[in-house]
Amino acid sequence: MSPVAGVPPAPTLVLPDMDDKTIDLARYRGKVVLVNFWATWCPPCRKEFPSLGRVRKLFKPTEFEVVAVNVGEDPETVFSFAGAPDFPVLFDRDSQAMARWPVKGLPTTLVVDRQGHLALRAVGGREFDDPAIVEQLRELLMPRST
Amino acid sequence: MNARLLTLLALLVGVSLSARADGDIEWRHRATQGAVTLSANPIGTAARRSFYTARGFAAETIRPYALACGFSLGMKNSGAATLSTRLADWRAVGADGRAVRLRLPAEWDQQWASTHVPEAARIAFRWAQFQAENIFDAGDWIMGMATLEAPLPGSFRLVALYHDEKGDHEIVLDKLACNHD
């Protein structure tokens with residue numbers, strides 16, 4: 001994944017989950033959060049989706065979370081593809097939330113650091129449990145020396 | 001809908017809950033220039049009509065898009081330098097030298113707006129296209145559909161431009177052809 005220039009604050013993200021409960025990304029402040037924008041009709045999104053669950057298991061729930069943001073679809077469509085994943089899937093039905101994020105295509109993944117800033121970005125499919133990405137996430141979890 | 005209820009329903013009707021890793025794509029056309037790879041597959045009329053009607057387009061509305069000369073395009077940056085693309089700079093060049101530009105996603109979207117296509121269908125359309133402007137950091141890759149402004153007979157070349165810190169570059173896919181199944 002590539003560093004995000006300037007490490008800007010993450011835009012707000014407040015969306016319903018699969019149970020129509022409203023989730024605010026701010027609730028995860030203090031954790032490193034991997035935010036994945038995706039859709040079921042997007043082949044690379046489908047391919048990388050299982051790796052979201054795998055990478056989540058590599059870290060403590062108290063320090064790392066995965067949030068998948070589905071764009072333009074409904075819970076039934078997502079469920080038929082993914083079942084009920086262990087991590088939150090949020091629904092950006094009108095793509096208005098995504099428009100506030102630096103997303104130009106699907107899939108795009110951004111990693112929010114513990115301070116709530118955009119630290120890393122990847123455009124196109126990845127395997128998120130790839131050792132190189134896991135190492136980048138570990139570095140974000142390390143205490144800052146300053 | 002409650003996720004537990006959905007799980008139960010799926011188990012009852014035998015729906016697989018496992019996410020299938022079926023995103024691997026076999027590209028029929030591929031060219032590499034330095035660390036950049038451009039790939040393409042022609043997409044037939046029926047496949048595009050089916051894809052978009054499943055996402056809320058009326059068959060008649062999506063007809064002009066489905067009948068246009070269309071492709072799935074993929075582009076990957078395997079190098080370290082950031083590069084950018086503008087679809088408006090790309091051209092398809094026929095055997096007779098005639099150059100045809102690609103129709104930009106926003107141009108299609110204007111058509112959908114004027115024909116009152118549902119917003120959800122427009123969103124799916126918008127994000128399924130190869131975006132008009134892209135920035136590729138190291139390792140990034142992007143795929144999406146694209147159409148020519150006008151059909152070209154026989155085989156043609158797709159001349160794609162990209163820009164990096166060293167300037168403008170060209171990458172060419174040869175022997176493409178429209179698929180009108």
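Modeller: The model is a predicted one. A:Ser2 belongs to strand E1 (2–3), an edge strand of the sheet. E1(A) joins strand E8 (residues 118–123) of chain A in the antiparallel sense, over two bridges.

From this edge the sheet can be followed across. It is open, has six strands with mixed pairing, and runs in the order E1-E8-E7-E4-E5-E6 in chain A. The other edge strand is E6 (89–92) of chain A; like E1(A), E6(A) pairs on one side only. Strands of a sheet pair through backbone hydrogen bonds, either parallel or antiparallel. Whereas E1(A) and E8(A) are antiparallel, E4(A) and E5(A) pair in the parallel sense, over seven bridges. One position on that pairing is A:Val33, whose bridge partner in E5(A) is A:Glu65.

Seven of its seven residues are buried, so E4(A) is largely enclosed by the rest of the structure. In a regular strand the side chains alternate between the two faces of the sheet. In E4(A), both faces are covered: the buried residues are A:Val32, A:Leu34, A:Asn36 and A:Trp38 on one side, and A:Val33, A:Val35 and A:Phe37 on the other.

Helix H4 (residues 131–141) of chain A lies across strand E4 (32–38), strand E5 (64–71), strand E7 (108–112) and E8 of chain A, and runs at about 135° to E4(A).

The loops of chain A hold several backbone details. Most residues other than glycine have a negative phi, and most peptide bonds are trans. The bond between A:Leu106 and A:Pro107 is cis, with omega about -5°; A:Pro107 lies in the loop between helix H3 (96–99) and E7 of chain A. In the loop between E6 and H3 of chain A, A:Ser95 has a positive phi of about 60°. A:Ser95 counts as buried because 20 other C-beta atoms lie within 10 Å of its own. A:Val7 also has a positive phi, near 40°. That residue is in the loop between E1 and strand E2 (14–16) of chain A. With 13 C-beta neighbours inside 10 Å, A:Val7 counts as partly exposed.

Chain B can now be set beside this. The chain has five helices and 10 strands, and buried residues make up 33% of its 181 residues. Of its contacts with a separation of 6 or more, 69% are between residues 24 or more positions apart.

B:Phe156 illustrates such links between parts of the chain. The residue is in strand E9 (residues 156–164) of chain B, and counts as buried because it has 25 C-beta neighbours inside 10 Å. Beyond its neighbours within four places in sequence, B:Phe156 is in contact with B:Ala92, B:Val93, B:Gly94, B:Ala95 and B:Leu176. The C-alpha atom of B:Phe156 is separated by 9.0 Å from that of B:Gly97, although the two residues are 59 residues apart along the chain.

Two helix pairs complete the description. Helix H2 (residues 45–53) and helix H3 (residues 59–67) of chain B pack at an angle of about 140°, with their axes 9 Å apart. H2(B) is therefore oblique to H3(B), and the crossing is right-handed. H2(B) contributes B:Thr45, B:Arg48, B:Arg49, B:Tyr52 and B:Thr53 to the contact, while H3(B) contributes B:Ala59, B:Ile62, B:Tyr65, B:Ala66 and B:Leu67. These residues divide into six nonpolar, two polar and two charged.

In the other pair, the axes of helix H4 (residues 105–114) and helix H5 (residues 119–128) of chain B come within 10 Å and cross at roughly 170°. That angle makes H4(B) roughly antiparallel to H5(B). The crossing of H4(B) and H5(B) is right-handed. Their contact is formed by B:Pro105, B:Trp108, B:Asp109 and B:Trp112 of H4(B) with B:Arg122, B:Phe125 and B:Arg126 of H5(B). By class, the contact has four nonpolar, no polar and three charged residues.

Terms used. Residues numbered from 1 in each chain as written. Chains lettered and ligands numbered in written order. Predicted model: local features only at pLDDT ≥ 70, side-chain atom pairs only at ≥ 80, totals over all residues. Axes fitted to C-alpha atoms, helices over the stretch in contact; angles between N-to-C directions. Helix = DSSP H or I, 4+ residues; strand = E, 2+ residues; numbered from the N terminus. Parallel < 35°, antiparallel > 145°, perpendicular 65-115°, else oblique. Left-handed = near helix turned anticlockwise from the far one by under 90°. Contact = placed C-beta atoms within 7 Å. Nonpolar A, V, L, I, M, F, W, Y, C, P; charged D, E, K, R; others polar. Pairing = 2+ DSSP bridges. Buried ≥ 20, exposed ≤ 12 C-beta atoms within 10 Å, placed from the backbone.
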